[in-house]
Each structure stands twice: as structure tokens, then as C-alpha cells.
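Hi,

Here is the structure I promised to pass on to you. Please open it alongside this email, and I will walk you through what turned up.

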Amino acid sequence: MKLNTRRTILVGLAFLSISAFWQLYDSLIPLILKNTFQVSDTISGGIMAIDNVLAVFMLPLFGSLSDRVHTRIGRRMPFILCGTAAAVIAMLFLPFADNIGSLALFVSALFVTLIAMGSYRSPAVSLMPDVTPKPLRSKANAIINLMGAVGGVISLILISVLVPKTGKPDYFPIFLIVAAVMVISVLLLLWKIRENPLRTEREAIDATLDEEEGLKHEDSAAAPSAEQATSLDPAVKRSLILILISVACWFMGYNAVTTAFSRYAQIYWGIQGGGFANCLLVATAAAILSYIPVGSIASRVGRKKTILGGVVLLASMFVIGATVKEYHVWINGLFALVGVAWAAINVNSYPMVVEMSKGSDIGKFTGFYYTFSMAAQIVTPILSGFLLEHVGYFILFPYAACFVGIAFFTMLFVRHGDSRPLPKKSKLEAFDVDD
């Protein structure tokens with residue numbers, strides 16, 4: 001069985017559009033809050049957590065809703081189209097509010113934008129496992145994350161080039177270009193991907209695989225819904241809980257850095273203008289180069305081992321980052337390794353969760369995964385922002401290293417959701433599609 005790379009790239013356009021926005025959001029919104037509206041780090045962290053508060057409720061809801069919707073263009077596509085349209089309109093009011101100095105308009109536009117983004121994130125991410133057989137999902141998720149990284153790179157390049165080193169910046173051109181990227185990506189996705197036939201094809205492949213291996217979906221018993229959880233084996237329940245705790249912990253660490261880095265780099269390291277984006281560009285470029293290799297590594301040694309290696313590397317880089325008092329060129333090497341580590345973790349954690357789902361519940365399981373990751377991202381901007389304001393900016397990297405280290409120990413005891421190799425020379429060869 002071969003992964004249809006071209007199809008997976010096209011499916012990844014939805015995630016590219018999402019990631020382009022979130023990179024813009026994480027990089028510029030804290031600067032606008034601090035420099036234009038003089039908002040404190042603690043309150044800024046609270047505002048930056050609003051999207052995660054909304055996501056805790058919205059992602060499971062809209063993931064589950066998209067499982068039950070059936071339209072001519074598919075289950076996920078209506079949410080992706082409508083959510084993107086609403087988001088790109090609302091987000092253009094953000095730089096306008098910044099330019100006229102209206103905090104009320106800014107917060108209102110931000111709230112509408114975040115609701116729109118939350119309405120289609122789970123459906124967009126669910127599209128990949130909808131059209132990809134279970135054994136190929138780590139490789140497919142590598143490509144999806146690569147596409148997300150491309151979206152992030154687009155935003156970072158725009159920030160690096162268009163944000164001036166002195167004077168009050170006008171962020172409207174950056175927001176306008178990112179909005180255009182989002183619209184073009186989603187329209188291309190709608191044009192090239194036929195969701196319903198591809199999902200039917202994937203269901204036939206998974207059914208054949210289970211029949212060959214005599215599994216009869218035993219591995220999909222690990223659903224976290226209330227009615228199914230009572231029938232789970234205790235060991236499976238424990239693994240499910242532990243992997244979701246691990247997800248929360250490494251997001252606590254990683255998101256603290258990504259959310260605060262623009263302020264940290266300017267205030268603690270003395271980087272001017274949009275220069276902070278260069279470090280993030282290096283990390284993203286390294287992740288892009290790593291996504292497909294770590295997906296292949298996971299298919300050989302297993303998702304869990306790959307994740308553990310990434311966690312060790314990420315925690316180590318944060319520990320080293322804590323020793324840096326001012327910017328040096330070699331820091332780019334540190335951020336490159338951060339990108340590699342995050343790729344190893346991110347490519348494999350989501351497939352471990354949806355591996356336990358039934359085909360009809362993929363959206364729901366996507367929502368559960370994001371519930372834990374977003375819950376962590378509610379707490380960490382506020383907590384880290386409070387520490388930055390009242391303890392000092394030096395605390396950022398030790399804080400991140402601590403939470404990532406905790407994730408290593410919880411992940412050690414996860415026993416389910418790992419990848420299983422495909423049987424050689426099976427009837428599934430009939431479903432092969434050339435890349």
C-alpha cells in the first residue's frame with residue numbers, strides 16, 4: 001500500500017491556511033496588545049488564551065457535528081468553507097483597529113475571528129484520516145504538518161520583511177496577504193478533492209486490512225466517549241489518559257515559548273523589529289525537512305519511540321535556551337533542533353489518538369485530542385505571562401523545559417495507539433495508488 005502523496009498535499013491545504021493564521025496570531029497579536037494598547041503581560045496572556053478557551057468547547061462540538069453531516073461536497077468541506085470565509089473577513093478588522101487605536105473594536109474582531117477559526121479546525125484536521133488508511137496516517141500526518149509549516153513560513157517571511165525596525169508598523173498588508181493565502185488554499189482544496197468518494201475508498205481499505213489480520217476492529221475499542229469508555233480494558237483507558245496528559249504537557253511548554261517569543265526576543269535578547277521571526281523561520285524550516293523522515297521512522301520503530309526521542313530533544317534545547325542571555329547566531333542551530341523535535345512529536349501524537357477511533361468517530365476523536373492540547377494552551381499563556389511579568393523573562397525557557405520533561409514520563413507508560421506494520425503482499429496491493 002502506498003500513500004497518495006499528491007492527494008495528501010492537497011488535503012493539507014486546509015491545514016496550511018489554518019497554520020498561516022495562527023503563526024500570524026501568535027507573532028503579532030501580543031505585540032499589538034503590548035505596544036499599541038499597553039496591555040500587561042498577564043492580561044495579554046489571558047487574551048491570548050481566549051482562542052483556547054473557545055477551542056475546548058468548539059473543537060469537540062464541531063468535530064462531532066461534522067461526523068454527522070452529509071452533503072454533496074462532503075462532511076468536512078462545508079465547515080471548512082464557511083469557517084474560512086468568516087475568519088478572513090473578521091481578521092482584516094484587527095490591523096484596522098490597531099491603526100485607529102480602538103481596543104473595543106480590536107477585541108470584538110478578535111473574538112469573531114477566533115470563533116470562525118474554531119468552527120472548522122477539527123473538520124479540517126479530520127479530513128486527513130477520513131481519506132487515509134490507518135497504517136499510513138503517520139506518513140500522511142507528516143505531510144499535513146509539512147503543509148502547516150509552509151503556512152507558518154509564509155506568515156513569518158511576511159513579518160520579517162514587512163515589519164519595520166523603528167516606528168509604528170502598519171500590519172494591514174500582512175493580514176491581507178495571509179487572508180488571500182487562506183482563501184486560495186481552501187478554494188483549491190474544494191476544486192481538487194472529492195471528499196465523499198475518497199472516504200468510501202478508505203473505508204474499504206481499512207475493512208480489508210482488518211479482515212486480513214483478523215482484528216475485526218479490536219483496536220478501535222479505545223474510544224473516549226462516555227458510553228464506550230465503560231467497556232474499555234483498564235490498560236487501554238490508562239494509555240488513553242496518559243497520552244492525552246502528555247499532549248497537554250508538551251503543549252504547555254511549547255506554546256509558552258511560541259506565544260511569548262516575540263516579546264521575549266525584543267525585551268530579553270534585544271532583537272529589533274520583526275527580526276525575532278528569523279529564529280522561528282529556522283525552526284519551521286527544520287521541521288519542514290523533518291516531517292517526512294520522522295513519519296517514515298515512526299513506521300519502522302513505532303510512534304511512541306519517535307515521540308519520546310522528540311520530547312528528550314525538545315526539553316534539552318529549552319534547557320540550553322535558558323542559559324542564553326543575549327542573541328547569538330548559533331541560537332539558530334538551537335531553534336533548528338527545536339523544529340526537528342517538535343516534528344517528531346507532532347507528526348505521531350495525533351495519529352496515536354485517532355488510531356483508537358472508528359471511522360465514523362474520527363471528528364469526535366480529533367475534538368478530544370484538541371480539547372487536551374487547547375486546555376493546556378488556555379493555562380500556559382496566562383501562567384507564563386504572569387511569571388514573565390512578576391518573576392522575569394529569564395523564566396520562559398526553564399518553564400517550558402519543565403513541562404516537556406513531565407511529558408516524557410507520562411508518555412513512557414502509554415501502551416496503545418502505536419502503528420502496526422502492513423502485511424506484505426496482501427490483497428491491499430489492489431488499492432495502491434501511485435504518488
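Predicted model: local features only at pLDDT ≥ 70, side-chain atom pairs only at ≥ 80, totals over all residues.

The structure contains four cavities of 30 Å³ or more. For the largest cavity, the volume comes to about 860 Å³. Its lining is made up of 40 residues, and Ser19, Asp26, Tyr254, Trp342 and Asn346 are the closest to the centre. Several helices take part: α2, α4 (50-68), α7 (103-131), α8 (137-162), α12, α13 (276-301), α15 (331-354) and α16 (362-390) each supply at least two lining residues. Among the contributors, α2 gives the most to the lining of the largest cavity, with seven residues. Sorted by class, this lining has 23 nonpolar, 14 polar and three charged residues.

Next come the open spaces, where I looked at the second largest pocket. Its volume is about 200 Å³. There are 14 residues in the lining of this pocket, and Asn35, Gly167, Pro169, Tyr171 and Gln266 lie nearest its centre. Helix α2, which spans residues 13-36, gives the most here too, with four residues. By class, the pocket lining divides into six nonpolar, five polar and three charged residues.

Now for the packing. The largest nonpolar core has 128 residues, and Ile29, Met91, Trp250 and Phe335 are those with the most contacts inside it. Helix α12 (residues 234-267) gives the most to this core, with 16 residues.

Is Ile32 buried or exposed? Ile32 counts as buried, because its relative accessibility is 0%. Leaving aside neighbours within four places in sequence, Ile32 is in contact with Phe37, Asp98, Phe106 and Tyr171. Ile32 and Pro95 are 63 residues apart along the chain, yet their C-alpha atoms are separated by 8.8 Å.

Gln38 is found in the loop between α2 and α3 (41-48). Most residues other than glycine have a negative phi. In Gln38, though, phi is positive, near 50°. With a relative accessible area of 60%, Gln38 is exposed.

Last, the cysteines. How many disulfides does a search of the whole structure find? The search finds zero. Cys402 is in no disulfide, and the nearest cysteine sulfur, that of Cys249, is 9.0 Å away. The cut-off for a disulfide is a pair of cysteine sulfur atoms within 2.5 Å. Cys402 is partly exposed, with a relative accessible area of 47%. Cys82, for its part, counts as exposed because its relative accessibility is 58%, and the cut-off for exposed is over 50%.

That is the tour. Enjoy looking around!

Best wishes

Methods
Residues numbered from 1 in each chain as written. Heavy atoms only, no water. 1 Å grid on protein atoms, 1.4 Å probe; cavity = no way out; pocket = protein on both sides within 12 Å on 5 of 7 lines; lining within 4 Å. Points joined across faces, edges and corners; volume = space filled by probe spheres on them. Nonpolar A, V, L, I, M, F, W, Y, C, P; charged D, E, K, R; others polar. Buried < 20%, exposed > 50% of the residue type's maximum accessible area, 1.4 Å probe, protein only. Core = buried A, V, L, I, M, F, W, Y, C linked by side-chain atoms within 4.5 Å. Contact = heavy atoms within 4.5 Å.
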